Amino acid sequence: MKPGRVIGRVVCSQKYHTFKGERLLVVQPTDWDNNDAGDPIVCTDAVGSGAGEFIFYVESREAAVATGDKLPPSDAAICGIIDGVDMEASS
Amino acid sequence: MKPGRVIGRVVCSQKYHTFKGERLLVVQPTDWDNNDAGDPIVCTDAVGSGAGEFIFYVESREAAVATGDKLPPSDAAICGIIDGVDMEASS
Amino acid sequence: MKPGRVIGRVVCSQKYHTFKGERLLVVQPTDWDNNDAGDPIVCTDAVGSGAGEFIFYVESREAAVATGDKLPPSDAAICGIIDGVDMEASS
Amino acid sequence: MKPGRVIGRVVCSQKYHTFKGERLLVVQPTDWDNNDAGDPIVCTDAVGSGAGEFIFYVESREAAVATGDKLPPSDAAICGIIDGVDMEASS
Amino acid sequence: MKPGRVIGRVVCSQKYHTFKGERLLVVQPTDWDNNDAGDPIVCTDAVGSGAGEFIFYVESREAAVATGDKLPPSDAAICGIIDGVDMEASS
């Protein structure tokens with residue numbers, strides 16, 4: 001999983017039917033100091049995240065698994081809102 | 001998912017049988033300011049998009065899921081036509 | 001899917017059993033002007049392509065789906081022979 | 001699979017329900033001389049690894065398979081703690 | 001699939017249970033002239049390859065399919081030992 005920041009929302013005139021009812025958020029991938037890392041992507045949202053929040057997102061098939069009962073064909077889904085990172089301990 | 005622009009269509013003398021009846025579009029990946037980002041790819045189309053339209057596409061296994069009943073072995077599918085991006089709100 | 005050009009064939013002393021009977025072709029990834037783009041890869045072949053032909057290949061799990069009844073563990077499969085690209089229309 | 005070093009732990013206010021009870025570790029990808037290689041990522045943990053340990057992680061769908069009975073939508077999981085590398089023999 | 005060269009073996013104090021009994025080899029990705037291409041990775045082995053051999057490996061989910069009955073969560077598996085490449089013919 002990778003960290004990022006929610007920066008907006010995509011408005012679509014057409015989207016694949018299983019995406020109906022899903023918010024499509026624009027996520028700016030970041031490093032752990034909140035610096036931009038590459039171009040923004042579109043993510044579905046499994047945790048109710050909002051603009052400006054620091055999140056982590058899941059890629060590949062698992063993104064679909066996380067996105068609702070209809071299994072929309074998502075390849076990137078926000079799966080956690082990050083409060084902080086403890087760089088001292090991992091246990 | 002990533003943004004892109006439909007720039008053409010591939011004409012094939014042979015294609016794998018479950019691709020029959022599917023349009024194979026050439027998509028130029030872009031950033032959010034519509035600047036080109038990397039080499040164009042081939043996508044199947046799940047939303048009836050046309051030349052010049054600003055779209056988002058799905059990669060990996062989920063592209064096949066979005067592309068018709070025969071599940072053609074697509075690794076990239078257009079799943080939405082983008083009208084705009086709201087960079088202020090995400091909720 | 002991405003474009004490429006068939007440039008050879010791999011000869012193996014050992015290969016995983018479900019690859020038996022499958023041709024393993026060397027494909028040079030290209031851009032749409034037939035310029036080389038990165039290092040050549042090994043692809044299985046779902047459409048009977050030959051040396052020098054301009055093709056598109058599928059990556060990830062879908063490559064296995066396209067490669068015969070035994071589902072060999074292919075992560076790249078040629079799924080179409082490209083005759084041309086129509087850059088004017090997509091509908 | 002790729003090598004890396006556990007450098008911390010992510011603390012979340014919200015995470016997707018099947019991630020509950022799973023530790024989310026920050027892993028610094030490395031080369032084989034323990035030099036940093038790219039930005040840190042978030043991994044689930046299948047082997048009880050701790051801070052500072054040299055590990056290998058699995059990506060893509062297989063990461064979910066390795067992470068507990070609930071199959072959380074992980075795209076990166078620590079699957080081994082590396083004691084050493086024998087560069088002389090492989091058999 | 002991509003070419004590489006077996007350069008060593010990983011020794012683990014802990015590994016995920018379905019990896020038990022599987023050799024974890026260090027593979028140096030190469031180009032077709034046997035020059036190094038990127039950092040070495042860890043692969044499972046489906047064909048009994050040995051140190052120094054020129055091989056091809058499969059990535060993503062298909063690597064697990066190729067690696068034994070227990071389906072260990074491998075994302076890279078050696079699936080062929082390369083004897084040579086015929087750059088003249090592909091049929």
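**Entry 1: chain E against chain D**

I began with polar contacts between chain E and chain D, and the count is 12 residue pairs, both residues at pLDDT 80 or more; a polar contact here is a pair of N or O atoms within 3.5 Å, where within protein one must be able to donate a hydrogen and the other to accept it, and residues adjacent in sequence count only if both atoms are side-chain atoms. I note that the model is predicted, that local features need pLDDT of at least 70, that side-chain atom pairs count only at pLDDT 80 or more, and that totals for chains, interfaces and linings use all residues, while side-chain values use heavy atoms, with hydrogens and water left out. Residues are numbered from 1 along each chain as its sequence is written, and chains are lettered from A in the order in which they are written.

I then looked at which elements build the chain E side: β1 (2-15), β2 (25-29) and β3 (41-45) of chain E each supply at least two residues of the side that touches chain D, strands being DSSP runs of E of at least two residues, numbered from the N terminus. The largest share of that side, 10 residues, comes from β1(E). By class, the side of chain E that touches chain D has 19 nonpolar, 8 polar and 6 charged residues; Ala, Val, Leu, Ile, Met, Phe, Trp, Tyr, Cys and Pro count as nonpolar, Asp, Glu, Lys and Arg as charged, and the others, Gly among them, as polar.

The contact (heavy atoms within 4.5 Å) takes 33 residues from chain E and 30 residues from chain D. Between them the two chains bury about 2,400 Å², 58% of it on carbon and sulfur atoms, where buried area is the accessible area (1.4 Å probe) that two parts lose on being put together, summed over both. Arg9(E), Tyr16(E) and Asp75(E) supply 24% of the area that chain E buries against chain D, more than any other three residues.

I looked up the salt bridges as well, meaning a side-chain nitrogen of Lys or Arg within 4 Å of a carboxyl oxygen of Asp or Glu, and the count between chain E and chain D is 1. Arg61(E) forms a salt bridge with Glu62(D), with the closest N and O atoms 3.1 Å apart.

**Entry 2: chain D against chain A**

I next turned to chain D, where 33 residues are in contact with 30 residues of chain A. Arg9(D), Tyr16(D) and Asp75(D) supply 24% of the area that chain D buries against chain A, more than any other three residues. The salt bridge count between chain D and chain A is 1, and I found the side chains of Arg61(D) and Glu62(A) meeting in a salt bridge at 3.0 Å, N to O.

**Entry 3: aromatic pairs**

I counted 10 aromatic pairs over all chains, taking rings of Phe, Tyr and Trp (its six-membered ring) as paired if their centres lie within 6.5 Å, with planes under 30 degrees apart counted as stacked, over 60 as edge-to-face and the rest as tilted. The rings of Phe19(B) and Phe56(C) have centres 5.8 Å apart and planes at 75°, so this pair is edge-to-face.

Definitions and conventions. Helices (H or I, at least four residues) and strands (E, at least two) are DSSP runs, numbered from the N terminus.
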